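Please read it with the structure open beside the text.

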Amino acid sequence: MYTKKKLAVAIVAFSTACSANNVFSQEEQDLLEEVVVTGIRQSLQAASDIKRDSAVMQDSIVAEDMGKFPDQNVAESLQRISGVSISRTNGEGSKVTVRGFGPSFNLVTLNGRTLATTENSREFDFQILASELISGANVIKSPMAKTPEGSVGAYVDVKTAKPLDNFGLQLAGSLRAKYNDLNEEVNPEFSGVFSNTFADDTIGVLFGFSRQESSNRIDSASTSRWAALNASDPDVISGDIKDTDGNVVTPDTLWYPGRFEFSLDEEERERTGINVSLQWAPDDSWENTLDFLYTDFSRVAVGQGMQVGLQFPGWKDVIASDHGTALSATKYGVQPHDGLFQVRGEESETQAIGFNSIKQWDDLIVAVDLSHSTANSDPRKDQLVPNYVNNARNPDEFPKGLDPDNDYFTYSTINGEVLDLNSTIDYADPASVRAHWNLITHNELEDEISELKIDAEYQMDLEFGDAIRVDSVSVGASASEREKIKNVFETQHVDNCGIGEGREEICGRFRDMDDSVFSVNSDSDFLSDVAGNFPRDFIMVNDINDYHAAISEMSGVENWPNEVFDKTKSSQTTEDNFASYIQVNLSGEILGNHWSGNVGLRYIDTETVSSGYGKERIAIEPGIDTSNQAIIDVFYTEPGEITRSNSYDDILPSLNLTYEVSDELQMRFSASKVLARPAIEDIGVNKNYVDVQAVNFTTSGGNPYLSPYEANQLDIALEYYSDSGSTYAINLFHKDITTFISTNTSRDDTPDIYVDGEYVDSSYSLPGFGDIVETITQKDNRDGGEITGLELSALHYFDNLPGLFSGLGVQANYTYANSEDKNALPINLDGVQEPGSGLEGFAENAFNIIAFYDMNGYQVRFAYNWRDDFLQYRTGQRSGGLPEHVEAYGQLDASLSYDVTDNLTLTAEAINLTNERTLEYVDVKERLSLMQYTGARYKVGLRMNF
């Protein structure tokens with residue numbers, strides 16, 4: 001009869017599919033008995049032990065104690081692992097990238113189960129998980145047959161705490177205050193975990209609760225709608241074009257952003273998390289677990305700002321860069337500035353329930369896991385865009401509030417990354433505001449997943465001499481059903497602009513708005529770390545509801561904002577997955593040293609059905625006020641129902657070997673075929689038509705016939721584990737991507753229209769604007785490329801230093817990844833550089849370094865992570881089909897704690913100590929795409945354990 005400790009090891013093996021092959025080994029039994037997670041060093045040591053005894057290429061993070069995770073959320077901790085970097089939403093870690101493969105390439109599970117998400121795709125947002133409810137996470141970089149399929153980068157399994165992990169009564173709680181230095185507000189956070197066991201430790205109950213409120217501020221400058229000027233046409237640019245040295249130049253094409261935007265966002269977040277776990281182990285051969293997770297997450301960001309439109313005619317005094325960018329110009333004519341008021345937010349709710357039972361009969365262990373998860377959210381966005389004019393102009397003489405001969409603005413990006421602005425329009429005076437364009441939209445997102453998994457492992461003692469032993473054979477099967485629904489609701493153009501009988505048009509009509517709706521942010525200290533003469537004091541909306549009411553009254557649309565269901569942007573997708581596997585677990589001795597490994601096959605079968613509505617474009621015509629706003633009217637057929645089906649299957653082989661060179665040194669080898677399914681949003685039949693302004697005439701949509709990403713990968717590693725606990729590792733990896741999914745954005749100067757049952761090219765031109773060009777974005781399959789990389793990692797304790805200095809330690813890792821996209825199409829645009837042969841999303845260099853001190857109740861940690869420049873999109877949608885890049889980013893965090901007693905600890909934490917910015921650019925760095933500051937955040941608090 002196996003002991004309960006051995007059964008616990010088997011549970012880990014089945015639920016994470018990443019434990020050592022011989023799940024009954026004495027070494028693992030000893031490991032479970034000796035690891036006590038109570039501090040930085042022991043947390044790192046536990047993670048190191050898991051890595052050493054794993055049957056695959058794996059890294060882990062472990063909670064320092066019950067209710068005490070190393071960072072504010074799981075993503076922040078995962079970035080300390082070699083090869084892992086994260087993306088942030090308003091400064092908080094949200095999604096993970098592994099070895100350059102972004103969130104869509106990685107499968108994230110909770111307790112081995114797929115969690116329904118509030119994202120449009122499969123990507124997992126770690127913001128919904130309270131770190132206090134998490135006990136650890138494993139990052140699997142080389143799968144074995146029993147590992148769930150779905151990742152080309154890594155399989156990440158997040159673990160919640162279980163009551164039978166710690167016998168007896170366990171209580172932990174924390175109280176913290178969080179401060180953001182941009183908005184200068186303090187918010188509370190608190191959490192608690194209760195765990196107890198009964199009936200001779202055969203029954204366990206755990207309840208965890210977390211509540212967090214936070215206020216954030218985000219300052220940003222950005223651009224969009226990049227377009228090309230016909231610089232040789234005197235009707236487009238008047239006068240000479242000069243370079244930055246004053247020399248006359250004659251470029252054929254110049255690139256400029258259609259919009260330059262400034263925004264100050266103030267965000268409020270609330271997150272409530274509940275975790276319940278019930279366990280029953282009537283004897284040493286049987287354990288049952290029932291888990292429940294609930295998360296309620298809401299956020300509302302109110303953006304106040306303005307935008308400078310450069311898409312209108314009237315270019316003069318143009319200064320061009322060597323790269324063909326219109327760095328500076330003066331623009332005369334009827335060209336107002338715009339307000340940019342946005343409300344972005346959502347309320348989401350995620351629930352997950354799962355039952356797991358593991359039973360052993362002599363040499364056979366069977367595990368059954370049944371789970372169900374749902375997620376609902378309602379992301380909402382208000383875009384309110386009034387015009388700003390020169391209110392000193394006589395409205396009788398100049399009804400548009402601008403004098404075409406004397407009103408102008410001059411912009412320049414010569415001296416900095418952000419646009420300097422000199423304008424006759426007072427954009428900080430509410431009297432300058434005129435009603436214009438608005439759009440209100442919200443989505444209703446639903447995700448529902450049901451999964452069943454059955455795993456079995458049979459122990460055997462089949463020997464082929466000392467060199468090869470068959471220790472066990474693992475088999476299993478799983479089935480899942482998933483349904484994801486996206487319903488889109490938005491206000492219509494005719495309602496937004498008051499078009500129709502009995503209404504008053506407001507778009508492009510320059511109708512004055514009540515000054516009392518607005519104020520000025522004269523003390524915001526906007527983008528204080530950035531030099532330049534750009535707008536810092538601008539108009540703000542006092543109350544969004546008052547703005548809505550004003551637009552409704554002016555336009556005569558009584559029930560505005562009146563969002564209606566948009567059939568063509570909505571979709572419903574169902575996905576049925578089946579998988580089965582067989583895995584042989586091996587061991588033996590070669591040259592007197594132990595080795596272990598596994599070899600197996602995994603079969604997968606996927607069927608998808610996408611449904612929604614589609615329509616055909618039948619005509620394009622000039623709209624109202626063409627000389628000012630370049631408005632177009634686009635006509636379509638009535639939407640009709642569409643259903644598209646797709647299916648694919650595959651066999652995924654895998655091999656993992658570990659050879660113990662000595663007691664401290666081991667080598668690993670892994671080879672496998674992996675896949676990642678397309679994002680659910682990308683396989684929908686929905687389409688998004690943006691067709692009001694010629695400068696922003698775009699069509700984007702899903703492709704229901706996408707095949708998954710596929711890759712063949714190899715890993716070779718050398719790992720050294722010293723007796724002192726210090727560890728060092730080197731890992732070489734190679735991935736050959738055989739099937740890739742690429743975002744294709746193209747520019748079509750002959751937009752298709754549907755005539756008599758077939759598509760024909762068309763050609764349209766607007767006076768003072770030029771040819772109408774449609775930007776088309778869609779995902780397509782193509783051949784991929786190759787990634788070859790190196791990972792170096794070290795964990796070193798300075799035990800040899802005298803006295804108090806022996807508590808010092810350092811953890812560091814470095815990742816190099818060289819990617820080559822062998823099938824990337826050239827951009828072939830005048831004035832645009834080719835983005836090279838690298839794959840999208842892959843940074844060549846990244847590193848993390850953590851210095852820590854842990855002794856006598858004091859714990860101090862400084863952590864710095866850095867990621868190199870990388871190509872985000874080869875043909876980006878926001879830039880209108882140009883390459884989009886992300887600048888290198890590094891962030892310094894720090895934490896400090898002191899154990900006042902065995903039960904009470906004081907804590908302090910600082911995140912983004914040096915107030916680093918995020919910067920993205922289009923093609924070359926002089927073409928700014930996004931500059932964003934989120935500020936530094938500080939936390940102080942106390943934690944209690946009993």
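This is a predicted model: local features need pLDDT of at least 70, side-chain atom pairs count only at pLDDT 80 or more; totals for chains, interfaces and linings use all residues.

1. Gly112 is buried, at a relative accessible area of 5% (buried means under 20% relative accessible area, exposed over 50%, and partly exposed in between, with a 1.4 Å probe and protein chains only).

2. Residues are numbered from 1 along each chain as its sequence is written, and side-chain values use heavy atoms, with hydrogens and water left out.

3. S4 and S5 belong to an open sheet of five strands in the order S1-S6-S7-S4-S5, with mixed pairing; strands (E, at least two residues) and helices (H or I, at least four) are DSSP runs numbered from the N terminus, and two strands pair if DSSP finds at least two bridges between them. The edges are strand S1 (58-62) and strand S5 (113-114), each of which pairs on one side only. Within this sheet, strand S6 (residues 134-140) and strand S7 (residues 155-160) run antiparallel and are joined by six bridges, with Val139 opposite Val156 in S7.

4. Helix H3 (residues 40-53) lies across S1 and S6 and runs at about 150 degrees to S1; axes are lines fitted to C-alpha atoms, for helices over the stretch in contact, and angles run from 0 to 180 degrees between N-to-C directions.

5. H3 also provides the largest share of the lining of the largest cavity, namely six residues. A cavity is a set of points, on a 1 Å grid over the protein atoms alone, where a 1.4 Å probe fits but cannot get out, and lining residues have an atom within 4 Å of a point. The structure holds 16 cavities of 30 Å³ or more, and the largest has a volume of about 490 Å³, a volume being the space filled by probe spheres set on the grid points, which are joined across faces, edges and corners.

6. S44 and S45 run antiparallel and are joined by 13 bridges, with Ala794 opposite Ala812 in S45. S45 also pairs with strand S46 (residues 845-855) in the antiparallel sense, over nine bridges, and the bridge partner of Leu808 in S46 is Tyr853.

7. Strand S54 (residues 937-945) deserves a look for its two faces: Arg937, Lys939, Gly941, Arg943 and Asn945 form the covered one, whereas Tyr938, Val940, Leu942 and Met944 form the uncovered one. S54 is joined by nine bridges to strand S8 (residues 170-180), the two running antiparallel, and Gly173 stands opposite Met944. Strand S51 (residues 904-911) pairs with S54 over eight bridges, again in the antiparallel sense, and Glu909 has Lys939 as its bridge partner.

8. Which residues does Glu490 touch, leaving aside its neighbours within four places in sequence? Its contacts (heavy atoms within 4.5 Å) are Leu439, Ile440, Thr441, Asn562, Glu563, Val564, Asp566 and Lys569. Glu490 lies in strand S25 (residues 468-490) and counts as buried because its relative accessibility is 11%.

Conventions:
On a 1 Å grid over the protein atoms alone, a cavity is a set of points where a 1.4 Å probe fits but cannot get out, and a pocket is an open set with protein on both sides within 12 Å along at least five of seven lines; lining residues have an atom within 4 Å of a point.
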